[in-house]
Every structure is written in C-alpha cells, then in structure tokens.
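This report describes one protein model for a reader who works with coordinates.

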Amino acid sequence: MVEILDTTLREGEQTPYVNFQVEEKMEIARRLDLIGVEMIEAGDPSVSPNVAAAIEKIAGLKLKAEIVAHSMATRSGIKKASDLGADRVAVFYATSKIHLESKTNRSQDEAIDIVREHVQYARSLGLKVRYTPEDATRTDFDFLVQICNAAIEAGADRISYADTLGIMQPHSMHENILKLREKLLPCKIDLHCHDDLGLALANAMAGIRGGADCIHTTVNSMGERTGIPDLSTTIVAFHQLEGEHKYDLTQLVSLASYVEKVSGFFSAPNKPITGQNAFSHKSGVHTNGVLKNPSTYESINPELVGRERKIVIDKYTGKRAVVSRLEEYGITVSDEELQRIVDEIKNIGDERKLLFDTDIVEIAEQVTGKVIDAIPRDIHAIVQIEAESHIYTSLVVRRMRNFKNVSSVYEITGDYDINSVVKARDVHELNNLIEEIRTIPGVKQTETRLILKKYAVKNGNSKEQ
Ligand code: HCA
Ligand code: CU
C-alpha cells in the first residue's frame, strides 16, 4: 500500500514565479485532504512570514492528513515548525560529497553530528521527524546508511530518499531501495524524485516495488526545474496498475485546474489525466475504434476521473466521427451527403488548425441545403471589461492572462479598458468564466458578446484560431 505526501505547498511553490496566497494554500490543503493524501508538506517556515502563517493556518484546519513543515537543520526553523503546530518536521541536510565540500563545507562526521543533534532537538519539542539526506542518490552508500541510521537512532521515523537532481532510473532505484531497506534501522522510506529526465514517477514506482512506503508529489508536477511526480498521474497510475483504490479520483481534475488558476502555471495539453488532450481522439482509425468500443484506444475510462471523451474533428476525421457529432446536434444525413461533408471538412482542415462545431453545422447546412437549428457547444465570446478608475489596467490584464480559456487580451481606448476573446465548451462554462472574471479585483463591469462566426482572412495569422 502506497502513501502519498503532497508537497505542492513547499516544493510546488519553489516553481519559478509561483507564489500562493495563504487562503489559496488553505484551499489546496483542504482539497488534498478530501482526495485522501496521507501527508501535506505545508512549507518551510524560515522562508517568509507568509509561508509560516500558511503552515499555522493549515495546521489549524485539523485535517486528517499529517501536516509537515520542511526545515533546514537549524534550531530556529525546527522551533518555528513546532510553534506553528505542525505534526512533523522534515529536516534536510545534504549528504553527497559535492554538497558537503562545495556547499556546506562540512566533513561527513560533522554532518552526522548536525543531523543527530537537530533530530533530537525536534523530538524534544514533541515533533515527529523525517530526515532527508538531500542529494541522497549521489551520496556514498555506506555513508548514507550511517547518517540515516544516526537520524533514526535520534528519533526520526522516516527517511526521504531524495533524488534531488533526477538522475535515477527505475532499475537502479529498485536496487538501491532493496539495499537500503536491508541496512536501515526500522523506519518508513519516502521517495522524492525529481523529473529532470522525465523518469520521476517511473523511479518512484520502482522504489515502492523495492520496499519504500511513500511518494512525494505536487499538483501539476510543480517544483524546482522540471518538478516531481504529478499528484493525479501518480494516484491514477497506482489505481490502474497496482490496485490502489483508497484515493478519491473524482477531485483530481478540479484541484489541478484550481492550482493552475492560482499559480498561473499551466500544464501542457498532453499531460496525463488532467491535460486537455488526455481523453481526446483524432485520427479516423482511432475515432472509429473508440466510437465502436472505447477500450480500443482508452486504457483509462475518462469517467473514472470525472472527464469526458472528446473526438476531434478535422482533416484526419473519418465518417464515423462526423456522423456521431452530427447526431449530437440531432442532424441526420444521407450517405452521399455525409461523404460530401467529410470531403469539405478535409479541405478546410488543411487550412485551419481548429474547426468549431459552428463550422461543422454550417457545412452540413450547405451540403444538405436545410436550415439547421442547433446551438454549437464550443463557444467563443468577446468580453469587454471596464476597470475601476483607481486601478492600473495592467493588473487586471495580468490576471486575465492567467485564465486558460482566455485566448487574447487587449488594452483598448473607449468605453471599455480591456477587450478579450474567450472560449468555453458551453454556455454554462462561459457563465462561470465571466463570473470569475468579475471577481478579479479592479473589474467594475463586463459586457459579453457571443461570436457567431469567425472568418479566415488572407493576411496575418488567420490560421490561428
Ligand atoms: C531541495 C530539497 C528537496 C528535499 C526533498 C525532501 C530535494 O533541494 O530543494 O525533503 O524530501 O529535492 O532534495 O526538495
Ligand atoms: Cu525537491
């Protein structure tokens, strides 16, 4: 049985340009708790008063998850962790030769003393203790065992095997954890795997097979450089491949998008589980298969995580996908009409990157010669915003740019200060987006105009939709 420590609030906030507000951190912690992660690493209190305040507030929420504060091996950091009400402190002290020689300037023996002393101190304050040998995977193995066992003897009950630079591969991780398990005094082993080579989750899973207990994750793989394993992908991978069913999968997507919104750090469309394309199918062969039986091209049922399958229609499209899309709008066509619609779509698809449902309905109208009364589901709209007079318009613009569904933003002259183009899957989603825009500080009023048709023009980047 795997355990998860989510460190979006600590490692995740080490993502370049990311800073959470205290309230946002509390909301993330609440949602993580609903999902069922065992531990939440809430921050390192020595970083800033704001980080310390968030740890205290989160500890005050009395969640089921254990609240962990991260700290260097300093008495002041550990004391803060205790004063703020954390259940556990994670004390980190680097152990690799290069870190000892070039960073801390300590001998191995001195490092052992420092770690022992600070673990004891934390225990004396009543805290549970994890010890992290930072850069563990580049540390001499015998020394690693020695310093970890000193920490365990001093009262640590967890060791975090930190692949700080993301240099491991699954087989070496598996071997190392087997060896470590054999040599370490009784303790739990956490795996903190960085993703520099894209192997973080694979390494962590191999480590669990080797006998480790816990994987560190962040929402959307945030963290230093390329981050660490993504919470959603980790949970779903264990659900699908290891029969681990204790976490609530239905909350993952909304947490990922909440974190995207408040961090301004957006995932690529091809990100597993929560990425825009994770359950989309495009080529004629794939869509034909999926429409006959989803299992042909889906190893994960999108409903498992509260998502929907999407069939993309463009020049790769086959007849079956088009029929199915037309049926969704209550449109029936003859075989011959269908062929002409598909041909038409293939022509347009060469020129344009994205076809809206509006286009498909329009093509069907042209081909059948009938007026079709259908409201397309993918909607584009122009939202105009008037900002409060005492506010810099650029502040509102910056917030607007953080919304995933906002395609462009302009500062303009005239009655309104900002003009933006937004997209939504349906009226409901558009409504929610406008509501959110209205909550941006400094937004006085908005006016929304639905885009009925969009035309390609000869010049400019007309192909960009
Ligand atoms: C860092 C520290 C750390 C600590 C991991 C842990 C790492 O270098 O920022 O405490 O488990 O990657 O080594 O994030
Ligand atoms: Cu890290």
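## Helix packing

α6 passes α7 in a right-handed crossing, where right-handed means that the near helix is turned clockwise from the far one by less than a right angle, and left-handed means anticlockwise. The model is predicted, so local features need pLDDT of at least 70 and side-chain atom pairs count only at pLDDT 80 or more, while totals for chains, interfaces and linings use all residues. Residues are numbered from 1 along each chain as its sequence is written, chains are lettered from A and ligands numbered from 1 in the order in which they are written, and side-chain values use heavy atoms, with hydrogens and water left out.

Helices (DSSP runs of H or I, at least four residues) and strands (E, at least two) are numbered from the N terminus. Helix α6 covers residues 141–153 and helix α7 residues 170–183; their axes come within 10 Å and cross at roughly 45°. Axes are lines fitted to C-alpha atoms, for helices over the stretch in contact, and angles run from 0 to 180 degrees between N-to-C directions. The two helices α6 and α7 are therefore oblique to each other. By the cut-offs used, angles under 35 degrees are roughly parallel, over 145 roughly antiparallel, 65 to 115 roughly perpendicular, and the rest oblique.

On the α6 side the contact is made by Phe141, Leu144, Val145 and Asn149, and on the α7 side by Asn176, Lys179, Leu180 and Lys183. Contact means heavy atoms within 4.5 Å. The residues of this contact of α6 with α7 divide into four nonpolar, two polar and two charged. Here Ala, Val, Leu, Ile, Met, Phe, Trp, Tyr, Cys and Pro count as nonpolar, Asp, Glu, Lys and Arg as charged, and the others, Gly among them, as polar.

A second pair is α1 and α10, whose axes come within 10 Å and cross at roughly 165°. α1 and α10 are therefore roughly antiparallel to each other, and their crossing is left-handed. From α1 the contact draws on Glu24, Glu27, Ile28, Arg31, Leu32 and Ile35, and from α10 on Leu252, Ser254, Leu255, Tyr258, Val259 and Val262. The residues of the contact of α1 with α10 divide into eight nonpolar, one polar and three charged.

## Copper site

The copper ion (ligand 2) is coordinated by Glu11 (OE), His192 (NE2) and His194 (NE2), at 2.1 to 2.2 Å. Donors are N, O and S atoms within 2.8 Å of the metal (3.2 Å for Na, K and Ca); water is not among the atoms, so sites may look incomplete. The donor residues of the copper ion (ligand 2) are spaced E-x180-H-x1-H in sequence. Distant parts of the chain are linked here: glutamate 11 is in the loop between β1 (3–6) and α1 (22–35), and histidine 192, 181 residues apart from it, is in strand β7 (residues 188–193).

## Single residues

The table lists relative accessibility, with buried meaning under 20% relative accessible area, exposed over 50% and partly exposed in between (1.4 Å probe, protein chains only).

| Residue | Relative accessibility | Class |
|---|---|---|
| Glutamate 11 | 2% | buried |
| Histidine 192 | 7% | buried |
| Threonine 446 | 11% | buried |
| Serine 221 | 22% | partly exposed |
| Isoleucine 273 | 4% | buried |
| Glutamate 411 | 52% | exposed |

Most residues other than glycine have a negative phi. Serine 221, in the loop between β8 (214–217) and α9 (231–242), has a positive phi of about 60°. Isoleucine 273 has a positive phi of about 65° and lies in the loop between α10 (252–263) and β9 (280–281).

Threonine 446 is placed in strand β14 (residues 443–451). Leaving out residues up to four places away in sequence, threonine 446 touches Val383, Gln384, Ile385, Ile434, Ile437 and Arg438. Its C-alpha atom is separated by 8.9 Å from that of alanine 387, 59 residues apart along the chain.

Glutamate 411 lies in strand β12 (residues 406–411). With residues up to four places away in sequence not counted, glutamate 411 touches Thr393, Ser394, Val397 and Asp417. Glutamate 411 and alanine 111 are 300 residues apart in sequence and 56 Å apart in space, C-alpha to C-alpha.

## Whole chain

The secondary structure of the protein comes to 16 helices and 14 strands. Of its 465 residues, 51% count as buried. The C-alpha atoms fill a box of roughly 85 × 55 × 40 Å along the principal axes.
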